[in-house]
Amino acid sequence: MIEPYLSGNDFLADVRRFASEQNGFRIWWLGQSGFLVQYRGSHLLFDPYLSDSLTKKYAGTDKPHVRLTRLVVSPGELDFIDVATSSHNHTDHLDAATLLPLKQANPDLRLIIPEANRNFVARRLGCDTSWPIGVCDGDEVDVGTFTIHGVPAAHEDLATDAEGRHHFMGYIVCFGPHKIYHSGDTLLFDGMVDRLEPFRVDVALLPINGRNATRRVAGNMSGLEAARLALDIAAKMAIPCHYDMFAFNTAPPDDFVRESEQIGQVYYVLQCGERWDSPDSISGPGGSKSRPPNGTLQ
């Protein structure tokens, strides 16, 4: 079992230590595609999966979801969250065992979803259909400190409902002068770079576990593809994700690191539970661990 860099009370203490900080922003990787973003006391969760629901669901089947990395924090302990996202309906991105305790701990929590998934989300979470905030391609919604733009994702294709609304989405989140792109689960698709490049994002959070038909699950970009996408959209920083969670569906970040270094894309490989700080934050770039300039693991 992989131990998080920080977990439990140590993780919470690290988050709370910077909650009043007015300079820059911070990102913590929570495992899989889950990230916590902190900016001037506001907090956003991208696609949190903070339970063992899939391990329990598939126990004893021919597709066991054996957890590789220990849980960073229980969702009910995150009592300071303003908004969370779900990029699509797969359980590691829309987990009732995470989102319901999170909502209980944060009664005013807002949840961003693809509009096409509204009825499915309401059924899974047992919530009123009016609670989630639905986003379509090209939409822009303001939620407190954050402005969220919807962009499509291809997992494995650009699936839409009867009204042409995408079931798989990525989000570009803007706050202050900053922009973060969370791709959700996606392959590369025609027109992707043209949609994303104008945003000139500060950070791109990209899956790297690739596509393998023997896994019998929808695929994602490879590490090589993720690095090249980050460069093509002029991302100032690329951070890989969607690996080291389930034994049957993972890939090491080695290809992502090698390709990033070869093409000159700035990157950072986080450990689960570790913090990355924006260059303009008081704590400086590189989070709580000293790394070489490109973020290569020591």
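This is a predicted model: local features need pLDDT of at least 70, side-chain atom pairs count only at pLDDT 80 or more; totals for chains, interfaces and linings use all residues.
I started with helix 3 and looked up what covers its buried residues: strand 3, strand 4, strand 5 and helix 4 (118–125) are among the parts that do.

Next I checked which residues of helix 3 (residues 96–105) are buried, and got Thr98, Leu99 and Leu102. Looking down the helix 3 axis, I find these buried residues within an arc of 85°, so they line one face of the helix.

I traced seven strands in an open sheet, in the order 6-5-4-3-2-1-13, and the pairing is mixed. Strand 6 (133–135) and strand 13 (275–277) are the edges, each pairing on one side only. From one strand to the next, the twist averages 20°.

I zoomed in on one pair: strand 4 (residues 83–85) runs parallel to strand 5 (residues 110–114), with three bridges. Here I found Ala84 opposite Leu111 of strand 5.

Last, the aromatics. I have eight aromatic pairs on my list. For Phe256 and Tyr267, the ring centres are 5.9 Å apart and the planes make 85°; planes over 60 degrees apart count as edge-to-face, so this pair does too. Phe256 sits in helix 7 (residues 254–263) and Tyr267 in the loop between helix 7 and strand 13, so the pair ties together parts eleven residues apart in sequence. Buried or exposed? Phe256 is buried, at 0% relative accessible area, and Tyr267 is buried at 0% as well.

I also jotted down one aromatic cluster: Phe25, Tyr39, Phe146, Phe175 and Trp276.

Conventions:
Residues are numbered from 1 along each chain as its sequence is written. Side-chain values use heavy atoms; hydrogens and water are left out. Two strands pair if DSSP finds at least two bridges between them. Helices (H or I, at least four residues) and strands (E, at least two) are DSSP runs, numbered from the N terminus. Axes are lines fitted to C-alpha atoms, for helices over the stretch in contact, and angles run from 0 to 180 degrees between N-to-C directions. Buried means under 20% relative accessible area, exposed over 50%, partly exposed in between (1.4 Å probe, protein chains only). The arc is that of the directions from the helix axis to the C-beta atoms. Contact means heavy atoms within 4.5 Å. Rings of Phe, Tyr and Trp (its six-membered ring) pair if their centres lie within 6.5 Å; planes under 30 degrees apart count as stacked, over 60 as edge-to-face and the rest as tilted.
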